[in-house]
Amino acid sequence: FGSGNRPVIQASTEVVDYAVNGGFEFGLEAWSGVASLTSNGFFSKNAGQISAANTGAYQVISGLTPNTTYTLEAHTAMAKVTDQAVMYAKNFGGQE
């Protein structure tokens with residue numbers, strides 16, 4: 001307990017990147033469905049480039065703990081204002 005008999009809660013700030021080659025630092029290694037590689041990445045010099053509708057990039061992530069909250073994030077850029085990006089998790093045992 002902290003001062004005044006209030007519990008002390010310490011939040012974890014550990015960041016773990018479960019994606020292999022998440023920033024495309026090593027080209028397309030570990031990625032499936034990526035059409036090509038471009039040299040204008042957000043965090044690294046590379047980025048995956050998807051140039052056709054209804055296509056995408058994905059990885060199968062294993063080793064996650066059940067009943068645990070994870071954050072899924074990405075940085076995207078669109079060629080046109082009307083383009084859209086969709087990101088989701090699937091096959092995880094919950095509602096997609």
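Modeller: Tyr-18 is placed in the segment before β1, the strand of residues 36-38; strands (E, at least two residues) and helices (H or I, at least four) are DSSP runs, numbered from the N terminus. This is a predicted model, in which local features need pLDDT of at least 70 and side-chain atom pairs count only at pLDDT 80 or more, whereas totals for chains, interfaces and linings use all residues. Residues are numbered from 1 along each chain as its sequence is written, and side-chain values use heavy atoms, with hydrogens and water left out.

With a relative accessible area of 37%, Tyr-18 is partly exposed. Here buried means under 20% relative accessible area, exposed means over 50%, and partly exposed lies in between (1.4 Å probe, protein chains only).

Tyr-18 takes part in a nonpolar surface patch of about 400 Å², together with Val-16, Ile-61, Leu-64 and Tyr-70. Such patches are made of residues with over 30% relative accessible area and no salt bridge; nonpolar side chains (Val, Leu, Ile, Met, Phe, Trp, Tyr) are joined within 5 Å, and like charges within 9 Å. A salt bridge is a side-chain nitrogen of Lys or Arg within 4 Å of a carboxyl oxygen of Asp or Glu. The areas come from the Shrake-Rupley method with a 1.4 Å probe, and for residues only the protein chains shown count as cover.

The aromatic rings come next. A pair of aromatic rings is described by the distance of the centres and the angle of the planes. Rings of Phe, Tyr and Trp (its six-membered ring) pair if their centres lie within 6.5 Å; planes under 30 degrees apart count as stacked, over 60 as edge-to-face and the rest as tilted. Two aromatic pairs are found in a search of the whole structure. In one of them, the ring centres of Tyr-18 and Tyr-70 are 5.6 Å apart and the planes stand at 85°, so this pair is edge-to-face. Because Tyr-18 belongs to the segment before β1 and Tyr-70 to the segment after β2, the pair ties together parts that are 52 residues apart in sequence. Tyr-70 is partly exposed, with a relative accessible area of 33%.

Phe-24 and Trp-31 also form an aromatic pair, which is stacked, with 4.8 Å from centre to centre and 20° between the planes. Phe-24 is found in the segment before β1 and counts as buried at 10% relative accessibility. Most residues other than glycine have a negative phi. Phe-24, although not a glycine, has a positive phi of about 60°.

What does Asn-21 touch, not counting residues up to four places away in sequence? Asn-21 touches Phe-26, Gly-27, Leu-28, Glu-29 and Trp-31, where contact means heavy atoms within 4.5 Å. Asn-21 lies in the segment before β1 and counts as buried at 8% relative accessibility. A polar atom of the Asn-21 side chain lies 2.9 Å from the backbone nitrogen of Phe-26, and a polar atom of that side chain lies 3.0 Å from the backbone oxygen of Gly-27. A polar contact is a pair of N or O atoms within 3.5 Å; within protein, one must be able to donate a hydrogen and the other to accept it, and residues adjacent in sequence count only if both atoms are side-chain atoms.

The second residue is Gln-59, in the segment after β2, the strand of residues 47-49. Leaving aside neighbours within four places in sequence, Gln-59 is in contact with Ala-19, Val-20, Ala-30 and Trp-31. A polar atom of the Gln-59 side chain lies 2.5 Å from the backbone oxygen of Val-20. Gln-59 is buried, with a relative accessible area of 17%. Val-60, also in the segment after β2, is exposed at 74%. Val-60 and Val-20 are 40 residues apart in sequence, and their C-alpha atoms are 9.6 Å apart in space.

The setting of this part is the whole protein, which has zero helices and two strands. Of its 96 residues, 9% count as buried. The protein exposes about 8600 Å², of which carbon and sulfur atoms supply 51%. Among contacts between residues at least 6 apart in sequence, 24% join residues at least 24 apart.
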